[in-house]
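Dear colleague,

Please find below the structure I promised to hand over, together with its sequence. My notes on what turned up in it follow directly after.

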Amino acid sequence: MKTKHIIKFTLALLISLSATAQEKKWSLKESVDYALQNNITVRQSLLDQKLAEQDLISAKGNFLPTVNASASQNWNFGSFIDQNGSRISRDSRGNGFGVNAGVTLFNGFRNTNLQKQAELGIESSKIQLEVLKNNISLNVVNAYLNILFNREAVKQAEEQVAISQKSLDQVQELVDAGARARADLLVSKSQLASDNERLVNAVNSVDLSLLNLSQLLQLPANENFDIQDVNIDLTEAVLAYKNSNEILSYALENRPEIKGAQLNIDNAELNYEIARSAYYPTLSLGAGASTSYQHLQGQKDVLQIVTGFDATTGEPIVEFQKNGFVEQIENNLGYNIGFSLSIPIFNGFRTKANVKRAEISKERITLALEQEKQTLRANIEQAYADAKASLLQYESSKLSLESQELAFQNEQDKYDLGVSTSFQLEQVRNRLINAQSSFLNAKYNYVFKTKVLDFYLDKPITQ
């Protein structure tokens, strides 16, 4: 019985979660935030940042000493010199152990510049991530606005279908009553078919724009994917800026593209200093400890020690002391410490060529900064011109729409009085439809162009 209740509860929960998922409508901010958190390119850029952090750890490690331990096992056959300096002819085996440490004291500030370069690498990776996020945000906003635009186009198309259907019904009644020619009925049917086609195309555009946004979010294809409707109020459509100079001034100081280009110059300067460091001598400090063990095959590890001489014969008195592994390791332990100085004199002009390449690269990257500034200036001036033109287009299309609405109403009244024909009415209505389409295009074009200006000013574009 309990099992049945658990199954029912689980099914109900799954149905509830499924319904919730289907009813979810993405807001603009949610869409942008999700894209920034889950986009694969963004995640790769975050990994690049982590790699840059590891480069910094490695660069800092250049200042620390290196410590290495060694161990060896060897076998000797035939004649060799033993640990006492005597030549013997016997097979043996031995071990060697050592620990060595070294640290670079000076190498022309190469390590210092490598650390600075690694720190710049982290800053550069952060800026590249910021540029990537900015571009993704702008693409998502554009895709979101495109959905809203297509939905309004659907609403307009549905209204025109309703008007065409109503007109067709009226003409049908008049034709049946003999008050209108059958040709008027054919015109109305043709217009209804044309409006239905326009509606189908508008619906398809909505589906495609939803698919485009879901792909930008890197979500799997889902027929239930949807966004929230946004009421765009353009009661006061004005540009917030008199010219592009204000935007450009801010962008040149704050845009990540310019900061990234400046960091590239700093990095090139460090590359130049690193190349020049090869002209300087390198001073290192080293220290170590070593010991060894040796065993003669078939013989015990003993050491012969002369303790005195026989008073009668004068022969040495010899004692055997234990000389095993531990004893030899202790007795053979030695230490060393020393400095090493390497002075470069000539290496086939490689250092000179490397310095010259670094100098040329620095000049090229300096020009790249100027090119980036020129590109930014051109983009902002174009964006401002586009926004200004879109505002004029919006105002013009709004007046045109109002004029066409009045013209259509007037023609409708004339048609109802029998003064105008169906063909004339549909001609005027087609002009109204074109005016509605132009107004809708101008409206969303203006909204997006103003978002682009906000983008260059680092203002939120999700509001």
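Phe77 sits in the loop that runs between β1 (66-76) and β2 (79-81), and in this predicted model its relative accessibility of 65% places Phe77 in the exposed class. If you set Phe77 against Ile227, which lies 150 residues away along the chain, you will find their C-alpha atoms separated by 84 Å.

Gln49, a residue of helix α3 (residues 40-61), counts as buried, because its relative accessibility is 15% and the limit for that class is under 20%. Once its neighbours within four places in sequence are left aside, Gln49 is in contact with Ser125, Lys126 and Leu129.

Turning to helix packing, helix α9 (residues 350-416) and helix α10 (residues 422-456) have axes that come within 7 Å and cross at roughly 155°. Since angles over 145 degrees count as roughly antiparallel, that is the description that applies to α9 and α10, and their crossing is left-handed. The residues that make up the contact of α9 with α10 divide into 21 nonpolar, 12 polar and 8 charged.

Helix α6 (residues 245-254) packs against α7 with the axes 6 Å apart and at an angle of about 40°, and the two helices are therefore oblique to each other.

Side chains of opposite charge can pair when their charged atoms come close. How many salt bridges does a search of the whole structure find? The search returns 15 salt bridges, and I describe some of them here.

One of them joins the side chains of Asp33 and Lys29, with an N to O distance of 2.8 Å. Asp33 and Lys29 are separated by about one helical turn, because they stand 4 residues apart in helix α2 (residues 28-38). Asp33 counts as partly exposed at 29% relative accessibility, and Lys29 is likewise partly exposed, its relative accessible area being 49%.

A second salt bridge is formed by the side chains of Arg255 and Glu257, at 3.2 Å from N to O.

Glu269 is partly exposed, with a relative accessible area of 31%.

Finally, there is a network of salt bridges, in which Asp195, Arg198, Glu426 and Arg429 are linked.

With kind regards

Note on methods. Residues are numbered from 1 along each chain as its sequence is written. This is a predicted model: local features need pLDDT of at least 70, side-chain atom pairs count only at pLDDT 80 or more; totals for chains, interfaces and linings use all residues. Side-chain values use heavy atoms; hydrogens and water are left out. Axes are lines fitted to C-alpha atoms, for helices over the stretch in contact, and angles run from 0 to 180 degrees between N-to-C directions. Angles under 35 degrees count as roughly parallel, over 145 as roughly antiparallel, 65 to 115 as roughly perpendicular and the rest as oblique. A crossing is left-handed if the near helix is turned anticlockwise from the far one by less than a right angle, and right-handed if clockwise. Ala, Val, Leu, Ile, Met, Phe, Trp, Tyr, Cys and Pro count as nonpolar, Asp, Glu, Lys and Arg as charged, and the others, Gly among them, as polar. A salt bridge is a side-chain nitrogen of Lys or Arg within 4 Å of a carboxyl oxygen of Asp or Glu. Buried means under 20% relative accessible area, exposed over 50%, partly exposed in between (1.4 Å probe, protein chains only). Contact means heavy atoms within 4.5 Å.
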